[in-house]
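Here is a short briefing to read alongside the coordinates. Please keep the viewer open as you go through the points.

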Amino acid sequence: MKFFLTIICFLLLNLNAKAFRILDSSIIGFDDIQMYSDTLSNKSVWSAYDAFNLNFFDNKTHIYKLHNHIPDSANTKDKLGAVWTQAIYWDMAMNAYKKAIKNGDNKRAKKYKLLVDQIYQGVYDHYVHFDWNNQDPQNGWFIYDDIMWWTISFSRAYTLFHDPKYLQLADQSFCRVWHGSYLLKDRGSYDNLNGGMFWNWNNIHPSDNSDNGKMSCINFPTVIAALTLYNIIQTTDIKHQKNDTSGFDKNMNYPRWHSRANYLKEGMEIYKWGVENLFDRNTGKIADSRHGKDVDWTTTMYNQGTFIGASCILYKITNDSDYLNNAIKAANYAMEIMSAPHGIFPFRKGEEEGIYTAIMGQYLHMLVFDCGQKQYLPWVSRTIEAGWKTKNDNNLMSKDYLQKESANISCYDASGIPALMLLFK
């Protein structure tokens with residue numbers, strides 16, 4: 001009997017080693033990474049996040065710099081992280097604040113609340129005071145999804161701090177994307193003829209409703225934004241219970257907010273369109289985009305992530321298991337297919353790919369903790385511990401979680417592991 005048990009244990013250990021061993025000797029191995037590891041301490045989490053801020057947060061402008069070698073006072077497009085990613089870094093600061101509160105760490109809570117305020121003010125000052133109609137070439141707004149990422153973050157900030165300016169900005173930015181601009185005369189992202197959300201606005205031929213691309217990166221964030229607004233608006237808020245016509249400014253004939261009921265309706269409508277046009281029900285993969293009848297099935301972690309998030313929020317609102325099943329399919333595809341063969345979040349070479357880990361983490365957290373799907377925790381833990389092993393002397397990591405990097409790292413690449421740590425450790 002002992003002989004057979006010994007053979008079984010040997011086979012299981014051998015299979016585990018084969019599944020996670022890295023053959024290239026220049027790459028960090030997995031032999032000492034536990035399958036269900038939770039060995040990193042709070043100290044490691046704060047070390048990673050503080051290192052990220054020390055190297056990328058500009059102490060003069062309060063915006064995140066593109067590379068860690070850029071000196072403070074950076075204020076040009078080529079020296080700053082893309083505007084939409086600044087919203088993700090703001091999310092990270094809010095997650096740090098929440099973690100500190102949860103840990104009863106008042107000193108850190110105060111520190112990260114200050115950081116939240118500084119990031120908001122820095123972005124407000126640099127990006128034309130959140131004037132969504134301003135297309136200044138250095139610091140204006142050009143793409144619908146750039147705005148919608150901020151809508152989501154404003155909604156989260158309102159949930160956390162109950163500051164009315166965040167709800168006002170969330171309302172206004174959502175309406176700017178949905179309806180277009182009264183100044184630029186663009187048609188808005190929403191396609192009222194064929195459904196879905198356009199990625200790029202057209203203020204050269206504003207009446208042209210041709211399909212210039214309906215990307216997942218605008219459609220599923222729109223669902224998340226609409227449903228988050230639905231969730232955070234109180235049923236006693238008279239303003240948001242009225243029809244959308246009450247949200248029009250009489251001088252500009254432009255909606256400034258939607259009713260709570262319409263946020264739910266719009267979120268569900270865009271989700272349905274996205275499932276029918278950008279989701280493979282058989283595999284769980286999310287397409288990059290749709291152009292007319294042509295679908296680009298290139299997969300990325302952030303599109304998988306926002307689909308997971310949209311599905312989870314709808315599941316929590318409706319208790320309809322179809323939404324949860326969709327989220328699980330998308331997460332399984334990311335874990336089993338995209339993360340093969342190493343069993344950790346994948347490495348890809350695109351410039352902004354590193355921040356996709358942070359976005360996936362934000363929504364996978366919903367699936368794990370809000371929807372009770374803890375089967376994904378080992379995958380996340382393996383990713384965190386693999387990445388932490390690649391840190392350089394400044395406690396910075398890049399987007400390849402198997403390879404030690406040089407000192408020159410972008411804010412996109414360095415954000416992934418600290419973001420996961422804040423959420424899962």
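How do the residues of the lining of the largest pocket divide into nonpolar, polar and charged? The lining of the largest pocket holds twelve nonpolar, nine polar and eight charged residues. Please bear in mind that this is a predicted model.

**The largest pocket**
- The volume of the largest pocket is about 840 Å³.
- Its lining is made up of 29 residues, and those nearest the centre are K98, Q362, H365, M366 and D370.
- Six helices, namely helix 3 (83–102), helix 5 (144–161), helix 7 (216–232), helix 9 (301–318), helix 11 (356–370) and helix 13 (411–424), each give at least two residues to this lining.
- Helix 3 supplies the largest share of the lining, with six residues.

**The second largest pocket**
- The second largest pocket has a volume of about 280 Å³.
- It is lined by 18 residues, and K77, G81, A82, V83 and D146 are the closest to its centre.
- Nine nonpolar, four polar and five charged residues make up the lining of the second largest pocket.

**Helix 2**
- Helix 2 covers residues 42–56, which is 15 residues.
- From first C-alpha to last, helix 2 reaches 21 Å, close to the 21 Å expected at 1.5 Å a residue.
- Its buried residues are S44, V45, W46, A48, Y49, A51, F52, N53, N55 and F56.
- Among the elements covering these buried residues are helix 3, helix 4 (106–126), helix 12 (377–389) and helix 13.

Notes. Residues are numbered from 1 along each chain as its sequence is written. This is a predicted model: local features need pLDDT of at least 70, side-chain atom pairs count only at pLDDT 80 or more; totals for chains, interfaces and linings use all residues. Side-chain values use heavy atoms; hydrogens and water are left out. On a 1 Å grid over the protein atoms alone, a cavity is a set of points where a 1.4 Å probe fits but cannot get out, and a pocket is an open set with protein on both sides within 12 Å along at least five of seven lines; lining residues have an atom within 4 Å of a point. Grid points are joined across faces, edges and corners, and a volume is the space filled by probe spheres set on the points. Helices (H or I, at least four residues) and strands (E, at least two) are DSSP runs, numbered from the N terminus. Ala, Val, Leu, Ile, Met, Phe, Trp, Tyr, Cys and Pro count as nonpolar, Asp, Glu, Lys and Arg as charged, and the others, Gly among them, as polar. The expected span of a helix is 1.5 Å times one less than its number of residues. Buried means under 20% relative accessible area, exposed over 50%, partly exposed in between (1.4 Å probe, protein chains only). Contact means heavy atoms within 4.5 Å.
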